[in-house]
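I opened the model and kept notes in the order I looked things up.

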Amino acid sequence: MTTAQSPVAISSHVDPAGQSFAERLNGPWHERSLQVFMGIVLAHWAEHLAQAYQVYVLHWPLANARGVLGLWFPWLVRSEALHYGYALVMLVGLWILRSGFVGSAHTWWMVAFWIQFWHHIEHALLQGQVIVGQNLFGSPVPMSLAQLVIPRLELHLIYNTIVFIPMVIAMYRHLVPPEAERAQMRCTCAGQPRLAAA
Amino acid sequence: MPLAVFGLAVAAFAVHLSGAGAHPHEMAAHRGAPTRIVADRRIGPYVASVWTDPEVGSGPLYIMLEAADGQTFTSPSSVRVGVVPVSGRLSEVLHDAHSEPVRRGGRFMTEVSFDRAELWNLRVLIASTSGGGQLTAQVEAKPNASFGPFALVLSSLPFLIVAGVWWRAAVARRRISALS
């Protein structure tokens, strides 16, 4: 046990007095914020699971298999608003909640952030081509760079997977941290600080 | 800082939903990009390239036209596309392609359908006041390269992984509580 893990030392870390909103999100509110964030991530995966179920179990035509929200709001899927909205929520969440992570958990979290950031570079490229009216590589439709390697529908699933994997590793390292990292944590995610603060 | 990030995100979303961002097929980043199956082929007064997604199913086919030999580009009066399996099991289906706005040359689009993974004959027929012609090519429709039922497994994994992490964290919390 290090001194920083003593109840007194930890309770001084989680004292919310005088903390900014961002500091609270990454301190006393980090645990709840991560739960909400993970809820959004899982809700998105649930949409994909529903879509796969509609196609491969219910044998619906691909055009009709729009997940759950897409059944009630088809424009969400047609316009890619759902996809892009989710990508933005991911980017914002990964950025805002980053400083609550320490050590290796922070490294993995930032890996997820940078992959998601690249995803947005790709979207910016696509939107840029639409706005300028000139597509890359002489293509009749706007092209992203990843589409050169993976020109398939599954690109979306692949992006979500390669962001999810480092994110969940970061979560694991954050919830079950090595002792040295636990001492630096300002939140209640790994358990002990809540006891100390109480 | 979180408010600034939130503001930026709202702005980005607004751009995405604007006319620039939400163009029906322009922004379908995850629908799969078309492949060029004919490159810079001379057809009448034009140089044509043909792009499509050569997978089983229906999808867009694009004909990109430019003026040949430095001539002035004259928009064609009609662009038609015929597809027929090389095996001859179906008769040819002709599709009228419609013009899409581009800055230079012409771009025409139509939906074609390959109902089976096999070799198909493709004909592009162009008519214009400055001449016309026909271009032929063959394209092999391939089985759809989707994940198939594996998508069900892949989409289920995050729930199992998160449940595993949650369980492991709960065990660690109990251990920590017991220690303190």
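**Entry 1**

How many bridges join strand 4 of chain B to strand 5 of chain B? I found five, between residues 78-85 (strand 4) and residues 93-100 (strand 5), and the two strands run antiparallel. This is a predicted model: local features need pLDDT of at least 70, side-chain atom pairs count only at pLDDT 80 or more, and totals for chains, interfaces and linings use all residues. Residues are numbered from 1 along each chain as its sequence is written, while chains are lettered from A and ligands numbered from 1 in the order in which they are written.

I used DSSP runs for elements: helices are H or I of at least four residues, strands are E of at least two, and numbering starts at the N terminus. Two strands pair if DSSP finds at least two bridges between them.

I then looked up single partners. G82(B) has L94(B) in strand 5 of chain B as its bridge partner. S99(B) is bridged to F108(B) in strand 6 of chain B.

Strand 5 of chain B also pairs with strand 6 of chain B (residues 106-114), antiparallel, over three bridges. These two strands form a hairpin with five residues between them. In the turn, G105(B) has a positive phi of about 70 degrees.

**Entry 2: the rest of the sheet**

What joins strand 6 of chain B to strand 3 of chain B? Nine bridges do, and strand 3 (residues 57-67) runs antiparallel to strand 6. I63(B) stands opposite F108(B) there.

The whole is an open sheet of eight strands in chain B, in the order 1-2-3-6-5-4-7-8, with antiparallel pairing. Strand 1 (35-43) and strand 8 (133-140) of chain B are the edge strands, each pairing on one side only. Neighbouring strands are turned by 25 degrees against each other on average, direction ignored.

Chain B has two helices and eight strands. Along the sequence I read α-β-β-β-β-β-β-β-β-α. I counted a residue as buried with 20 or more other C-beta atoms within 10 Å of its own, exposed with 12 or fewer, and partly exposed in between, placing C-beta atoms from the backbone. By that cut-off, 24% of the 180 residues in chain B are buried.

**Entry 3: chain A**

I found eleven helices and zero strands in chain A. Buried residues make up 36% of its 198 residues. A contact here means two C-beta atoms, placed from the backbone, within 7 Å. Of the contacts in chain A between residues at least 6 apart in sequence, 58% join residues at least 24 apart.

Helix 3 of chain A (30-56) has 27 residues and reaches 38 Å from first C-alpha to last, close to the 39 Å expected at 1.5 Å a residue. The expected span is 1.5 Å times one less than the number of residues. Its buried residues include L34(A), V41(A), W45(A) and L49(A). Among the elements covering them are helix 6 (81-96) and helix 9 (155-175) of chain A, and helix 2 (150-179) of chain B.

W29(A) sits in the loop between helix 2 (21-25) and helix 3 of chain A. Why is W29(A) called partly exposed? Because 19 other C-beta atoms lie within 10 Å.

**Entry 4: a helix pair across the chains**

How do helix 9 of chain A and helix 2 of chain B cross? Their axes come within 10 Å and cross at roughly 5 degrees. The helices are therefore roughly parallel. Axes are lines fitted to C-alpha atoms, for helices over the stretch in contact, with angles from 0 to 180 degrees between N-to-C directions. Under 35 degrees counts as roughly parallel, over 145 as roughly antiparallel, 65 to 115 as roughly perpendicular, and the rest as oblique.

Residues making the contact include F164(A), V168(A) and Y172(A) from helix 9 of chain A, and I161(B), V165(B) and R168(B) from helix 2 of chain B.

**Entry 5: confidence**

pLDDT is the predictor's confidence in each residue, from 0 to 100. Chain A averages 81. Chain B averages 83. In chain B, helix 1 (residues 2-17) is lowest at a mean of 66, and strand 4 is highest at 96. Residues 19-27 of chain B are below 50. In chain A, pLDDT stays under 50 over residues 1-14 and over residues 194-198. Where pLDDT is low, the predicted coordinates should not be read in detail. For the complex, the predictor gives an ipTM of 0.76 and a pTM of 0.75.
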